[in-house]
Amino acid sequence: MSEENLEQRTRALVRDKFSEYYRTNKSTILPPPYMERREFGFLLTEGVMVRHKSFKQVEGLVSFIEATVPSDVYHSAAYYLDPEAPMDSKCWTGSDLIFDIDADHIDTECKERHDRWSCLECKATGHGKTPKTCPNCGRQKLSEDTWMCYDCLERAKEEVLKLIDLLNSDFGVNHDHMRVNFSGHRGYHLHVDTEDVKSLGSEERKAIADYVTGTGLDGDLLGLYDLDGRIKIEDGPKITDPSWRGRVARRIDKILFEADVEELRSIGLKSKMIETVRKRRKEVESSKDRSLLGLIEGFGEQTWKLIIQRAVSLESVGIDTVVTTDIHRLIRLPRTLNGKTGLRAMKVQIGELRKFNPLEQATVFGGYETVHIQEAPQFTVGGEQYGPFKDVDENLPTAAAIFLLCKRKAYPVVKPIV
Amino acid sequence: MSSERDKARYPFTSEAAEFVKSLNIGVDDLTSEPYNLILKRAEQRIRQALFKPDELSPQEQDPNIEIPSFPTAIMLMAFVDSENTKRRYAVAESKSFSKKLKDEEPEKVLEIAKRTFGWRIKHPDDKTGTVDFLLHFREYLTNSRNMNELKWKLTNRYLKSGYIQLTKDETARLLEEEIQKKILEKTKHPKVEPPKALQEILSEINGLASVRSTSQDLVQTFSIEVADMPQCIKRMLDTLSSGGRLSHIGRFTLTSFLINAGATEEDVMDFFKTASDFDEGKTRYQVEHISGGRGGKTRYTPPKCDTLRTHGLCVGPDELCKRVKHPLSYYKRKRILSKRSVAKPAQAPEI
C-alpha cells in the first residue's frame, strides 16, 4: 500500500479515537479562567491551524471540538477585548505569565536510551541528544526521533517543583495563583495569573525568565566572593539568605555535604580537595550548625568559581525562555488530547504533583488495536511497558497503539473482512 | 502631609495637582496679570530643560507661581510637534526631581512613591545595612526596563516574597523613570487646536525645538559586509547556508539584522532559499513584515544582545561585543573600523 494511503488510514483511526474521547469526556474539558477573553486555536488532523476563535461559554467550545475533532487544542495565555479580530486589532489587555518546562530542554541520561538522530546528508545516525552539527560530515541537517520515559518526565517534574518553590519564596506567588498542567507529551506548563503579572510586557517577562534561569548572575553583586575571588566568609552567603544568594549557598552546601567523589571530580575538584571536603563533613556532622560553607579552607579562586558555576546551573530552572517572553502565546488546553502522543493534557494539583505519573494517569483509551510497527524503542503507556519493536504486527492496548500511530511509527492493520 | 515647599519642589505629585486645581486658573487667564508670571516661569522651565538641564531648580519662594508652572509647561509641551523634544523635556525634568529626592528623608520618598504612584513600597522589618525600602517586583520591573547595568538586573537583586531590597538612591532613580513616563503620557498631543492665547508662545517653543534636532540616528545604507558582522549573526548565516534550521527568533534576528544593515528583501530571500525547510510564500511574508512592507508598516530591528543571550543565540562575546549592546551597533562600528583600515595606504610588499 502506498505511503499516502497508510497516512490516511492512520489519520482516520486517530481521528476516530479522538472523536470517541471527546464524545464521552466533553463534560471534563476545563476552560481557562475568563475564557470569553481568550483566543482559541485548533490544529485540525489535516494539519490546518484554525485560529482567532473565541467562545463565551464552555458549551460552544465543546461542540466546536466535537464537530471538528482537532488533533490539538490551544488557548491564548493573553486576554483580549476582541479575541476574534486579526492579531494587531485584538486589543491586548494582559496575559498570564507562563513557563514551559520540557524534557527536550533538559539533559537526561535516558535520552541515550530512547532518542535517536540521523543526518539527512550523510545518513549517519546516533543515540542520545541531537548534536548541533553532524559529527560525521559536519553539516547541520539533522532529523531527530525523540521519546519520553518515566525518568525524563520525572526530571521535568523536578524542574516544575523547583520553579514552584522559587515563584513562591522569591516572587511571593501563592499556590492558588499557579496552575500546573501536564502537556500530554514531554513536559509541563505553569501558569501564573495574579494581577501583578498580567499586564507585564515582554521586556519585564524576560527579566523574570532570566531570574528563573539565573541568567546574567553576577557573583560580586550578590556578594558571593571576597576580594581574592574566594567565597566570602564574613558577611558571606548563608543558606537562609533570600534570592539567588541563598539559593547558591544552599546548593553549595548540598554539594559539599552530599556529592559523591565522582560528582566532586566532575566539578573539577582535585583529589586533595575532595579529601578536605570529606574530612570536614565528618567534623561538622555532629555539630548543630551544619553549614559547610566557609569551613572549607585551601580552595582557590578557580575552584570556588567552578563550584559556584555548578551550583547556579543546578539551581537554574530549565524553562523555554521564548514561551515566557511571548505575550501572545497559544498554549494547550487541559483535558484535551495531544496529537503527538494521544495522551491527555491535564491539570495537576500542586499537592499531588510529586506522585503524579503521566504515563499512568494521562492515558485515556480502552480496548485493543492491531498495528504494524516499523520501529520503536521500549516505551511505557498506561503503566505498561512495551517494545522494543521492529517491523512487526502487534495487537496492543489502544492507548499504546494510538501513541505509536501519533508518533507515525506504526500504521493500522486492516483486518480481513471474512 | 506635604507642605507648599514640597509641592513646589515636587509639582508632579497628586497633592500638587490638587493644589493647582483649587487655584481655578483658566488657560485664557495665563496671558494676563498676575498669571502671566506662571506662563513665564513655564517657558523658563522648558528652556532650561531643553538647553541647560543642570539649571533646572525649583523656585520655592513663590509656590503660587512655581506649582502651576509645571502643569502649564506640560500643557505647552503637549502642543509641540517633535517627539524628541518632548522626550528631552521629560528626561530633564524627571532627572532634576530625582536629584532632589535623593537628598530627602526616606519618609518623603516613601510618601511620594505611595501616594502619587501607588507603589507597593515599605520599610524593611529589621532595618539593617543599606536597605531603606522593599518594593514590589512589579513596580521594580516596569521602572527598571531601560537600565542596562548588571546591578539592576533582577537576577542580581535580593527578592523575597515578591519584594525587592532597595536603597534610597535606587528608589529615587526608579521614581525618575516613573515621573518621566507620567510627563511623556501627559505631553501626548491633544486632538484639539492650541488655545489662541497661547499661540504666540507656542510658536516660540516650536522654534526652540528645531534649534537642536539632536543626534538622531541617520538611517544609513550599507552594502552588506559579512566579515564585519558579529559572531552570532555569522553563525546564523552559516547554519542556514549549510542547510541547517534556525529557531523562529533566530530567523527574526537574522532577517531584521540584514534588512537594517542595508540588504534588500530579495537579498534576504536569497539567503533563506538555502534553508532546508524553505517555504517561499511564508518566508516572503515574514521578510516583508519585518522590513515594514506589510501590516503595521514598522520596520523591526533585531533584539539586543541581552535578549539574544536569554534565548541562547549569543555565541560568546568578542572584544568589540563587550563595548556594544546591540548586534547592529557592532556592525556599524566594525564597518567604520574596517573602512578606516582600508583607507590607509598599504605598505609595499617586500620582495
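This is a predicted model: local features need pLDDT of at least 70, side-chain atom pairs count only at pLDDT 80 or more; totals for chains, interfaces and linings use all residues.
1. Buried means under 20% relative accessible area, exposed over 50%, and partly exposed in between, with a 1.4 Å probe and protein chains only. On that scale G298(A) counts as exposed, because its relative accessibility is 74%. The residue sits in the loop between α9 and α10 (301-315) of chain A.

2. Residues are numbered from 1 along each chain as its sequence is written, chains are lettered from A and ligands numbered from 1 in the order in which they are written, and side-chain values use heavy atoms, with hydrogens and water left out.

3. How far can you trust chain A? pLDDT is the predictor's confidence in each residue, from 0 to 100. Chain A has a mean of 91, and 97% of its residues reach 70 or more. Within the chain, helix α9 (residues 271-285) has the lowest confidence, at a mean of 83, while strand β3 (residues 72-76) has the highest, at 98. Helices here (H or I, at least four residues) and strands (E, at least two) are DSSP runs, numbered from the N terminus.

4. Next, the domains, whose bounds come from an automatic or database domain assignment. Chain A is split into domain 1 (3-102 + 173-206 + 321-366), domain 2 (111-148) and domain 3 (243-315). The C-alpha centres of its domains 1 and 3 are 42 Å apart. Chain B gets domain 1 (4-206) and domain 2 (215-342), and the C-alpha centres of those two are separated by 38 Å.

5. One sheet to look at in chain A is open and antiparallel, with four strands in the order β6-β11-β10-β13. Its edge strands are β6 (97-102) and β13 (346-348), each pairing on one side only. Two strands pair if DSSP finds at least two bridges between them. Neighbouring strands are turned by 30° against each other on average, direction ignored. Strand β10 (residues 178-182) of chain A is joined to β13(A) by three bridges, and N181(A) stands opposite K347(A) there.

6. Helix α4 (residues 150-169) of chain A packs on that sheet, touching β6, β10 and β11 (187-192), and its direction makes about 15° with that of β11(A). Contact means heavy atoms within 4.5 Å. Axes are lines fitted to C-alpha atoms, for helices over the stretch in contact, and angles run from 0 to 180 degrees between N-to-C directions.

7. Another open antiparallel sheet in chain A has three strands, ordered β8-β7-β9. Here the edges are β8 (125-127) and β9 (142-145) of chain A, each with pairing on one side only. The twist averages 20° from one strand to the next. Three bridges link β7 (residues 116-119) of chain A to β8(A), where the bridge partner of S118(A) is T125(A).

8. Finally, chain B. It holds 15 helices and four strands, and 45% of its 351 residues are buried. Of the contacts in chain B with a separation of 6 or more, 67% come from residues 24 or more positions apart.
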